[in-house]
Amino acid sequence: MTITASVTLTVNGEDVTREIEPRETLADFLRRDMQLTGTHTGCEMGVCGACLVLVDGKATHGCLVFAVQAAGSAIETIEGLSERGIIADVQTAFHERNALQCGFCTPGMLVTAHSLLAQPGVPTREEIRDALSGNYCRCTGYEAIVDAIETVARQRAGEEVAV
C-alpha cells in the first residue's frame, strides 16, 4: 500500500494539485509529474546546482526539498523563465560568450544568474563567481559563464559592453 499526500502549488504560474508520495522530491515531482525535465538531478545532495528552481522567488535545490514541503509555494522552473522571456538576454549572452557546452548544468546556471541579476546593482566578477559556487560545470571552466553574466548585468545597467 502506497501512502500519498495531496499537494497544491503553483508551477510556472499554473495552480497544480497532485497526489504524490510524501518522500518525492520537488525535482522528481517537476520532472515526473509535471514533465518539466529542464530541472536536472545530478548529485542529489544539493551540491551541483543542476536541480535549481525558484521557490517563492528564491533559488532552491529541488533535490533537497520534498514536494509536500513546497505546498502553497510558487515554483518557477527554467521552462517558466524561458517561456516568459525573463532570461532571454541571459540565454543570448551564454550563447554569444560560448558559456554552453554539454548543457547539463545550464538550467541551474541560468536560474543562478537570474537570481543574482534580480539583486540591485551590478555584481563584480568575484560576486558572480561566488554566486556560481553552488553550480558545477565540468565543460566550460566557468570563465565564459562569468563573462556572460557580467555582460548582461552591465547591459541591464545601461553600460556599453564590447561583444
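**Figure 1. Glu96 in helix α3 of the predicted model.** Glu96 is found in helix α3, where helices (H or I, at least four residues) and strands (E, at least two) are DSSP runs numbered from the N terminus. With a relative accessible area of 49%, Glu96 is partly exposed; buried means under 20% relative accessible area, exposed over 50%, and partly exposed in between (1.4 Å probe, protein chains only). Glu96 and Asn12 lie 84 residues apart in sequence and 27 Å apart in space, C-alpha to C-alpha. This is a predicted model, in which local features need pLDDT of at least 70 and side-chain atom pairs count only at pLDDT 80 or more, while totals for chains, interfaces and linings use all residues. Residues are numbered from 1 along each chain as its sequence is written, and side-chain values use heavy atoms, with hydrogens and water left out.

**Figure 2. The whole chain.** Six helices and five strands make up the secondary structure of the chain, and along the sequence they follow the pattern β-β-α-β-β-β-α-α-α-α-α. The radius of gyration is 16 Å, close to the 15 Å that the globule rule gives for 163 residues, so the chain is as compact as a globular protein of that length. That radius is taken over C-alpha atoms, and the globule rule is 2.2 Å times the number of residues to the power 0.38. Along the principal axes, the C-alpha atoms fill a box of roughly 60 × 30 × 20 Å. Of the 163 residues in the chain, 44% are buried. Among contacts (heavy atoms within 4.5 Å) with a separation of 6 or more, 54% are between residues 24 or more positions apart.

Figure 3. At 25% relative accessibility, Asn12 counts as partly exposed. Asp56 is exposed, with a relative accessible area of 53%. Most residues other than glycine have a negative phi.

Figure 4. Of the 12 residues of α4, 11 are buried, so the helix is largely enclosed by the rest of the structure. Among the buried residues are Met109, Leu110, His114 and Leu117. Their cover includes β3 (52-55), β4 (58-61), α2 (78-83), α3 (88-96), α5 (125-131) and α6 (143-156). Thr106 belongs to α4 and counts as buried at 10% relative accessibility. Leaving aside residues up to four places away in sequence, Thr106 touches Phe94 and Leu100.

**Figure 5. The largest pocket.** About 240 Å³ of space lies in this pocket. Phe104, Cys105, Tyr136, Cys137 and Arg138 lie nearest its centre, among 17 lining residues. The lining divides into 11 nonpolar, five polar and one charged; Ala, Val, Leu, Ile, Met, Phe, Trp, Tyr, Cys and Pro count as nonpolar, Asp, Glu, Lys and Arg as charged, and the others, Gly among them, as polar. On a 1 Å grid over the protein atoms alone, a pocket is an open set of points where a 1.4 Å probe fits, with protein on both sides within 12 Å along at least five of seven lines, and lining residues have an atom within 4 Å of a point. Grid points are joined across faces, edges and corners, and a volume is the space filled by probe spheres set on the points.
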